[in-house]
Amino acid sequence: MLIQFDRATAIFDGHVALEPLTLTLTETRIGVIGLNGSGKSTFARLINGLVKPSAGCVTLDGLDTARDAKAVLALTGFIFQNPANQIILPVVGEDIAMGPRARGLKGKALDEAVGAVAERLGIAHLLLRRPHELSGGELQLAALAAVLVNRPKLVIFDEPTNQLDLKNRKRVAATIHGLEEQALVISHDLELIADFPRVLVFDRGRLAFDGAAEDAIVRYREIAAC
Ligand SMILES: Nc1ncnc2c1ncn2[C@@H]1O[C@H](COP(=O)(O)OP(=O)(O)OP(=O)(O)O)[C@@H](O)[C@H]1O
């Protein structure tokens, strides 16, 4: 999908969270790194329309995130920092079914859609479980299933391996690497984005670097050392 920022900026109560930004993204894997408060989440939320630009515009395949908000939301899925807050129904399978059910799917077709996405992510055995019974890694995958079942073109992950142990981190990382959908990943886990073709580094609300992962990590380390 073609993601375009045209002098888009985000200002909250007079504080500039993101300075005017113009850029085009088409890569299937896009990493976003930077120190706390540098504007990464704001940047990601501008893409799916959760934050509307204070000036300028953001478009996805030509759809304006402010004007065409509903269509933009249908194109994108967002996995928040704490996926436990994202799973709202008491049973995992019911939560995954919520999106397709709202679109009118029912009966066998609904069960098949839920079953297929659960199989794809290796969590079919968790469908009858309650979210509080899941590990952090399983929660990430359940939240991802509830997003993928809606067939987004782009999935945005906000620090998906935060708080995961090494085993779950590897499992979630392998899942992200294997996705057929386009993925934009905000992460402090540099290993996760180390082979991404494009990585953006934010520093105090400004895009400080835009390029290959290896060079982006060098730039990020420089910023962190200041
Ligand atoms: N809705 C909001 N209202 C007011 N200020 C906000 C809002 N969202 C973000 N900010 C501010 O904008 C700045 C950038 O925040 P943002 O969450 O985008 O940073 P981040 O790089 O994602 O940080 P972290 O790594 O800690 O998650 C911060 O100073 C933050 O306090």
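Let's start with how helix α4 passes helix α5: the crossing is right-handed, meaning that the near helix is turned clockwise from the far one by less than a right angle. Helices here are DSSP runs of H or I with at least four residues, strands are runs of E with at least two, and both are numbered from the N terminus. The contact involves Val 117, Ala 118 and Leu 121 of α4, and Leu 141, Leu 144, Ala 145 and Leu 148 of α5; contact means C-beta atoms, placed from the backbone, within 7 Å.

A word on the model, friends: it is predicted, with local features needing pLDDT of at least 70, side-chain atom pairs counting only at pLDDT 80 or more, and totals for chains, interfaces and linings using all residues. Residues are numbered from 1 along each chain as its sequence is written.

Now the sheet. Which order do the six strands take? The open sheet runs β6-β7-β8-β3-β9-β10, with mixed pairing; strands pair if DSSP finds at least two bridges between them. At the edges sit β6 (76-79) and β10 (206-211), each pairing on one side only. Inside, β7 (residues 154-158) and β8 (residues 182-186) run parallel, joined by five bridges, and Ile 156 stands opposite Leu 184 in β8.

Finally, the ligand. Which helix gives the most to the shell around the ligand? That is α1, with three residues. The residues around the ligand include Phe 12, Asp 13, His 15 and Lys 40, where being near takes a C-beta atom, placed from the backbone, within 6 Å. Both β2 (15-25) and α1 (40-48) supply at least two residues of that shell.

Technical notes
Two residues are in contact if their C-beta atoms, placed from the backbone, lie within 7 Å.
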